[in-house]
Amino acid sequence: MKNHEHGERAQKKTPDAAEAAAGAVTKDPLVIRHLDFLGGMVEAAGWRPPAGMPEVAFSGRSNVGKSSLLNMLVRRKAFARVSKTPGRTREINFFSVNKSFVLVDLPGYGFARVSKERKGEWGRLIESYLRNNPDLRGVVQLLDARHDPTAEDRGMFALLGDIGLPTLVVVTKIDKLSSRERAPRMAALARASGVDEDQMIACSAETGEGRDDLAASLVALLAAPLDASPDDE
Ligand SMILES: Nc1nc2c(ncn2[C@@H]2O[C@H](COP(=O)(O)OP(=O)(O)OP(=O)(O)O)[C@@H](O)[C@H]2O)c(=O)[nH]1
Ligand SMILES: [Mg+2]
């Protein structure tokens with residue numbers, strides 16, 4: 001939790017509904033005004049939306065809760081599809097928000113019942129999307145609160161580090177842990193994935209926990225100046 005100085009102005013605890021709806025005094029770091037499904041990318045050289053808007057991609061194991069997290073973030077029940085069948089999201093899906101940036105739902109990896117060949121295709125699709133993408137500002141990597149990072153999760157962290165992409169870690173399904181289990185699990189996940197604990201955000205698509213923290217971190221990521229190291233070009 002960050003503590004900002006708010007000066008003398010007392011924060012209203014319960015903004016009235018009409019004002020909040022009008023966006024007048026809302027503290028929502030990301031008010032959703034417009035949403036658009038732009039389309040899906042199915043192969044490395046295939047269709048993708050026209051370049052130009054900054055993108056943030058959501059990555060993680062199949063069933064970790066990517067689509068649910070996206071829905072929570074944009075406050076829609078069924079915007080990104082949620083499935084009870086792991087491995088359902090097979091393409092890279094692009095959603096524009098407020099006509100100003102793009103959220104990207106990557107296909108989940110690590111689904112056991114998928115052939116080696118199919119896994120190879122997904123790996124190539126994801127890697128080719130992540131590399132050499134000047135619009136990509138960062139990646140939100142999801143980890144399930146109940147499970148240790150898998151070899152594929154570690155592979156993804158290594159790839160993100162190699163490309164040099166800013167990475168936020170979201171711990172999903174936090175509602176599945178008791179309050180007593182939380183702190184040690186968060187510490188263990190931070191250690192196992194090699195990130196600082198305060199770079200991690202605990203979220204629940206069930207309760208809505210973490211939504212505003214995630215929204216604020218995304219807004220900050222999108223606003224961050226692009227790294228313009230001279231040896232890049
Ligand atoms: N309790 C709980 N269940 C969740 C949460 N987030 C997702 N789920 C459930 O987990 C399952 C998978 O969620 P999805 O959002 O489809 O996961 P995904 O990562 O998009 O999966 P793929 O598209 O297959 O890669 C669904 O049954 C969701 O209802 C959460 O925060 N809490
Ligand atoms: Mg999905």
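1. The expected span of a helix is taken as 1.5 Å times one less than its number of residues. In this predicted model, helix H6 covers residues 211-223, and its 13 residues should therefore span 18 Å, which agrees with the 18 Å that separates its end C-alpha atoms. The buried residues of H6 are Arg211, Leu214, Ala215, Ser217 and Leu218. Seen down the axis of H6, these buried residues fall within an arc of 165°, so they line one face of the helix. Among the elements that cover them are strand E2 (55-59), helix H2 (66-74), strand E6 (167-172) and strand E7 (200-202).

2. The same check can be made on helix H5 (residues 179-193), whose 15 residues should span 21 Å at 1.5 Å a residue; the end C-alpha atoms are 22 Å apart, which agrees. Arg185, Leu189 and Ser193 are buried in H5, and the buried residues of this helix pack against E5, H4, E6 and E7. Glycine 194 follows H5 and has a positive phi, near 70°.

3. Seven strands make up an open sheet with mixed pairing, in the order E1-E3-E4-E2-E5-E6-E7. Strand E1 (35-41) and E7 stand at the edges, and each has a single partner strand, so one side of each is left without a neighbour in the sheet. On average, and with direction ignored, neighbouring strands of this sheet are turned by 25° against each other.

4. The pairing of E2 with strand E5 (residues 136-144) is parallel and rests on five bridges; within it, phenylalanine 58 has valine 140 of E5 as its bridge partner. Helix H2 packs on the sheet, where it touches E1, E2, strand E3 (92-97), strand E4 (101-105), E5 and E6, and the direction of H2 makes about 155° with that of E4. Helix H4 (residues 151-163) also packs on the sheet, touching E2, E5 and E6, and its direction makes about 160° with that of E5.

5. The antiparallel part of the sheet includes E1 and E3, which are joined by six bridges, with leucine 35 having valine 97 of E3 as its bridge partner. E3 and E4 also pair in the antiparallel sense, over five bridges, and here phenylalanine 95 stands opposite leucine 103 in E4. E3 is mostly covered, since five of its six residues are buried.

6. Which residues have the most contacts inside the largest nonpolar core? That core has 44 residues, and the ones with the most contacts inside it are Phe58, Leu69, Leu103, Val104, Val170, Val171 and Cys203. When residues up to four places away in sequence are not counted, leucine 103 touches Val56, Phe58, Leu70, Phe95 and Val97.

7. In general, most residues other than glycine have a negative phi. Asparagine 98 lies in the loop between E3 and E4 and, having 13 C-beta neighbours inside 10 Å, counts as partly exposed. Lysine 99 is placed in the loop between E3 and E4 as well, and it too has a positive phi, of about 55°, although it is not a glycine. Is lysine 99 buried or exposed? Lysine 99 has 10 other C-beta atoms within 10 Å and is therefore exposed.

8. A last point concerns alanine 78, which is found in the loop between H2 and E3. Because alanine 78 has 8 C-beta neighbours inside 10 Å, it counts as exposed, the cut-off for that class being 12 or fewer. The C-alpha atom of alanine 78 is separated by 8.3 Å from that of serine 68, these two residues being 10 residues apart along the chain.

Notes
Residues numbered from 1 in each chain as written. Chains lettered and ligands numbered in written order. Predicted model: local features only at pLDDT ≥ 70, side-chain atom pairs only at ≥ 80, totals over all residues. Helix = DSSP H or I, 4+ residues; strand = E, 2+ residues; numbered from the N terminus. Buried ≥ 20, exposed ≤ 12 C-beta atoms within 10 Å, placed from the backbone. Arc of directions from axis to C-beta. Contact = placed C-beta atoms within 7 Å. Pairing = 2+ DSSP bridges. Axes fitted to C-alpha atoms, helices over the stretch in contact; angles between N-to-C directions. Core = buried A, V, L, I, M, F, W, Y, C linked by C-beta atoms within 7 Å.
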